[in-house]
Amino acid sequence: IMLFTGSVMVIFLVTTVSFTYLLLRDLQKNLLSYLSTDVNVLSFAIESMKQSTLSDAEVFSQNPIIQEAVTNRDRKTLREQSSSYLLTKKQSLLVVTTSKGEVLMRGEDPEKTGDSLSEDPLVKRAILGDKISTIVTKDAALAPELSVRSLTPIKVGEEIIGVVIVGTKIDNSFVDGIKAATELETAVYGNNIRSATTIVAADGKSRYVGIKEESEEIKRKVLDEGKTFTGPVTILNTPYFA
């Protein structure tokens, strides 16, 4: 009887452990599959931002009023048009330069003009006639700032007379939108430093930004090799699938 009972218990335990292991493994596989799909939502949102800012830059550059104002270096008209366009399109940045890279107007900061962006590699490409939309990382005090920047040349006929730069920030509002769509915590990083996140501190207001991602596997796979990392991670002492 003891041998029989012992055998039944062993079979029961082995079956239970095996079934639980397979169930958890299948659950993890499904969760990671869902995460991979939801990451595509993030990628699609960023690509949409790039297309939107590029479209806005092209529309602004093709405005005859802007073309005439750049030709005449009419900063008053550029100021009025830039400020109005920023409010209408809800973008974060709008810069107009000459064909030599001199800043004629900043819609978000009209008093800051006259400096040169001629050494900016993106501006150089736009002066040569390229249309560009990319993500730019800028160092800041607490955490890097990420933004989508789009540049397009201002043309009169075939002559390039200047450049338009339109930008929009990838900030906490952006990741909040992704969380609303996917119901998942979301963060974006400048290099390995968290720039924006949906993870809120205990006070319900502060965001955990400026924190470095120290996982060597993630840094190697994502930053060095340009590949996707999928798997378990620990964020602020809390385990996640990511």
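The lining of the second largest pocket comprises 9 nonpolar, 4 polar and 9 charged residues, where Ala, Val, Leu, Ile, Met, Phe, Trp, Tyr, Cys and Pro count as nonpolar, Asp, Glu, Lys and Arg as charged, and the others, Gly among them, as polar. The model is predicted: local features require pLDDT of at least 70 and side-chain atom pairs pLDDT 80 or more, whereas totals for chains, interfaces and linings use all residues. Residues are numbered from 1 along each chain as its sequence is written, and side-chain values use heavy atoms, with hydrogens and water left out.

The volume of the second largest pocket is about 550 Å³. A pocket is an open set of points on a 1 Å grid over the protein atoms alone, where a 1.4 Å probe fits, with protein on both sides within 12 Å along at least five of seven lines; lining residues have an atom within 4 Å of a point. Grid points are joined across faces, edges and corners, and a volume is the space filled by probe spheres set on the points. L93, R106, E108, K138 and R149 are the closest to the centre of the second largest pocket among the 22 residues that line it. At least two lining residues come from each of β1 (93–98), α4 (121–127), β3, β4 (145–156) and β5 (159–169); helices (H or I, at least four residues) and strands (E, at least two) are DSSP runs, numbered from the N terminus. β4 gives the largest share of this lining, 5 residues.

The largest pocket has a volume of about 1,400 Å³. It is lined by 40 residues, of which V39, L42, A187, V188 and Y189 are the closest to its centre. Elements that each supply at least two residues of this lining include β3 (132–138), α5 (172–182), β6 (187–190) and β7 (193–197). The largest share, 8 residues, is that of α1. By class, the lining of the largest pocket contains 22 nonpolar, 11 polar and 7 charged residues.

An open sheet is formed by 5 strands in the order β2-β1-β5-β4-β3, with antiparallel pairing; two strands pair if DSSP finds at least two bridges between them. β2 (103–106) and β3 are the edge strands, each pairing on one side only. On average, neighbouring strands of this sheet are turned by 25 degrees against each other, direction ignored. Axes are lines fitted to C-alpha atoms, for helices over the stretch in contact, and angles run from 0 to 180 degrees between N-to-C directions.

β3 and β4 pair antiparallel over 7 bridges, and a hairpin of 6 residues joins β3 to β4. Within this pairing, I135 stands opposite V148 in β4. β1 and β5 run antiparallel and are joined by 6 bridges. The pairing of β1 with β2 is also antiparallel, over 3 bridges. T97 has V163 as its bridge partner in β5 and V103 as its bridge partner in β2. The hairpin of β1 and β2 has 4 residues between the strands, and G101 takes a positive phi near 90 degrees there.

Helix α2 (residues 64–71) packs on the sheet and touches β1, β2, β4 and β5, its direction making about 80 degrees with that of β4; contact means heavy atoms within 4.5 Å. Helix α3 (residues 75–89) lies across β1 and β2 and runs at about 40 degrees to β2.

The structure contains 1 aromatic pair. Rings of Phe, Tyr and Trp (its six-membered ring) pair if their centres lie within 6.5 Å; planes under 30 degrees apart count as stacked, over 60 as edge-to-face and the rest as tilted. The ring centres of F60 and Y85 are 5.0 Å apart and the planes are at 50 degrees, so the pair is tilted. Because F60 lies in helix α1 and Y85 in helix α3, the pair ties together parts that are 25 residues apart in sequence.
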